[in-house]
Amino acid sequence: MDTSTPAPFVNAETLNMFVKRRVRAVVQVQGNEGGMVVGQSTDGHQLTITGVDIPIPVSHFMEVFGIAETNQSIRAEICTDFGPNFGEISHTHGLLICPFVCSTMNY
Amino acid sequence: MYGGGGQYDGAANANALFGGGGFMPSQSTAVPESSGSGLSKVRTAQTLLPLTVKQIMDAAQSSDDKSNFAVNGVEVSTVRLVGRMLNKVERVTDVAFTLDDGTGRIDVNRWENESSDTKEMADVHDGNYVIVNGGLKGFQGKRHVVAYSVRRVTDFNDVTHHFLHCIHVHLQLTRGKPHVNANTGNPNPANQFRVANNQASVYGNTGGNEVSSLVLSVLNDPAIIHLEHGVTVEYVISQLKNVPENAIRDAIKIHVQDGNIYNTIDDSHYKSVVNG
């Protein structure tokens with residue numbers, strides 16, 4: 001994890017603001033095929049996570065750190081299985097966390 | 001005068017005994033020294049603050065020689081961090097690792113004095129999310145944590161909760177006491193929120209909420225607050241000579257709507273809800 005560019009929390013809507021930058025997100029896994037995970041973000045949209053190296057069952061939540069390749073996909077560097085029971089933070093709270101993560105983020 | 005060694009009568013005389021020079025018992029008879037300039041006088045160094053690594057790295061040093069830190073004006077000694085453990089190194093008497101919470105990395109050291117400590121550290125491995133409680137220390141400009149507790153996260157809602165807790169505490173410390181900002185002369189939106197009816201902040205200019213505060217301070221004045229029927233609008237106007245009459249009347253209406261003041265014997269008498 002490269003902390004010279006700390007990663008802000010994103011959902012599908014805010015991922016748009018951080019394309020080509022390091023981001024952090026939690027998705028609920030809907031499909032997992034050969035390292036490519038399709039998941040539902042916290043605001044209900046679909047995101048594609050590529051480069052997932054750990055087996056994560058469908059309907060589990062997964063946290064991913066990685067580079068946002070497009071406004072709908074993330075290339076994963078680190079994945080963590082958060083299990084099936086995870087109450088997710090909302091879009092608003094995700095933005096509030098940004099100042100604590102990186103002072104250079106403008107939003 | 002101080003004579004031989006047997007003249008020590010008690011703490012009050014210690015300074016007289018040693019007043020001639022040499023070893024000075026610093027603060028031996030004085031009240032406990034205050035905790036540094038400009039910081040909260042409350043003993044907040046006892047509290048556990050949830051923080052992110054970025055907040056720690058941005059924290060100011062409270063004084064050069066003490067290697068203590070201050071976050072949001074509060075002296076910090078014990079912190080809670082939640083993040084991933086990296087580079088765990090097990091040594092004979094301690095375990096060292098790096099904690100990465102997504103906002104930065106910080107070195108953590110956990111001394112193992114008892115077998116329970118060793119058992120606790122054996123449960124956590126590289127890549128695990130952990131909750132670290134410990135003291136924040138600084139040495140030659142570098143900050144690290146001396147942990148007294150390192151627990152593996154089993155319910156990942158703890159991660160979310162920790163960040164929300166960091167936000168909550170940060171907002172409490174920065175906005176929780178609006179009257180602290182009164183002396184800076186900079187009215188900010190946070191002061192629109194009426195925290196208590198006994199705020200007597202007086203600002204130099206006459207913006208909207210300043211008039212509101214002035215009117216309330218007149219009605220909360222200890223000299224008249226005991227009056228059963230309160231005071232008239234004319235009295236408030238006469239007390240605030242530099243403020244336009246219309247602004248005062250408007251402010252009074254808003255206070256009545258907000259429940260800060262009420263009419264008494266007739267429509268022109270008002271009294272504060274604060275008990276005199």
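1. The largest nonpolar core of this predicted model has 26 residues. Leu81(B), Ile106(B), Val132(B) and Val150(B) touch the most other members. Among the elements of chain B that give two or more residues to this core are helix 2 (53–58), strand 5 (78–90), strand 7 (105–111), strand 8 (129–139) and strand 9 (142–152). A second, separate core has 19 residues, including Val29(A), Val52(A), Ile56(A) and Ala76(A).

2. Look next at Ile106(B). Leaving aside neighbours within four places in sequence, Ile106(B) is in contact with residues including Val53(B), Ile56(B), Met57(B), Leu81(B), Phe97(B) and Leu136(B). Arg143(B), His144(B) and Val145(B) are also among its contacts.

3. Over all chains, there are six aromatic pairs. In one, the ring centres of Phe61(A) and Phe86(A) are 5.8 Å apart. Their planes meet at 55°, so the pair is tilted. Phe61(A) belongs to strand 4 (residues 61–70) of chain A, and Phe86(A) to the loop between strand 5 (73–83) and helix 2 (91–101). The two are 25 residues apart. Phe61(A) is buried at 6% relative accessible area, and Phe86(A) is buried at 8%.

4. Tyr129(B) and Phe156(B) form an edge-to-face pair, because their planes are at 85° with ring centres 5.9 Å apart. This pair ties strand 8 of chain B to the loop between strand 9 and helix 4, parts that are 27 residues apart in sequence. Both Tyr129(B) and Phe156(B) are buried.

5. Ring pairs join Phe61(A), Phe82(A), Phe86(A), Tyr129(B) and Phe156(B) into a cluster.

6. Helix 4 of chain B covers residues 157–175. Its 19 residues should span 27 Å, and its end C-alpha atoms are 26 Å apart, which agrees. Its buried residues include Val159(B), His162(B), Phe163(B), Cys166(B) and Ile167(B).

Note on methods
Residues are numbered from 1 along each chain as its sequence is written. Chains are lettered from A and ligands numbered from 1 in the order in which they are written. This is a predicted model: local features need pLDDT of at least 70, side-chain atom pairs count only at pLDDT 80 or more; totals for chains, interfaces and linings use all residues. Side-chain values use heavy atoms; hydrogens and water are left out. Helices (H or I, at least four residues) and strands (E, at least two) are DSSP runs, numbered from the N terminus. The expected span of a helix is 1.5 Å times one less than its number of residues. Buried means under 20% relative accessible area, exposed over 50%, partly exposed in between (1.4 Å probe, protein chains only). A nonpolar core is a set of buried Ala, Val, Leu, Ile, Met, Phe, Trp, Tyr and Cys residues joined through side-chain atoms within 4.5 Å. Contact means heavy atoms within 4.5 Å. Rings of Phe, Tyr and Trp (its six-membered ring) pair if their centres lie within 6.5 Å; planes under 30 degrees apart count as stacked, over 60 as edge-to-face and the rest as tilted.
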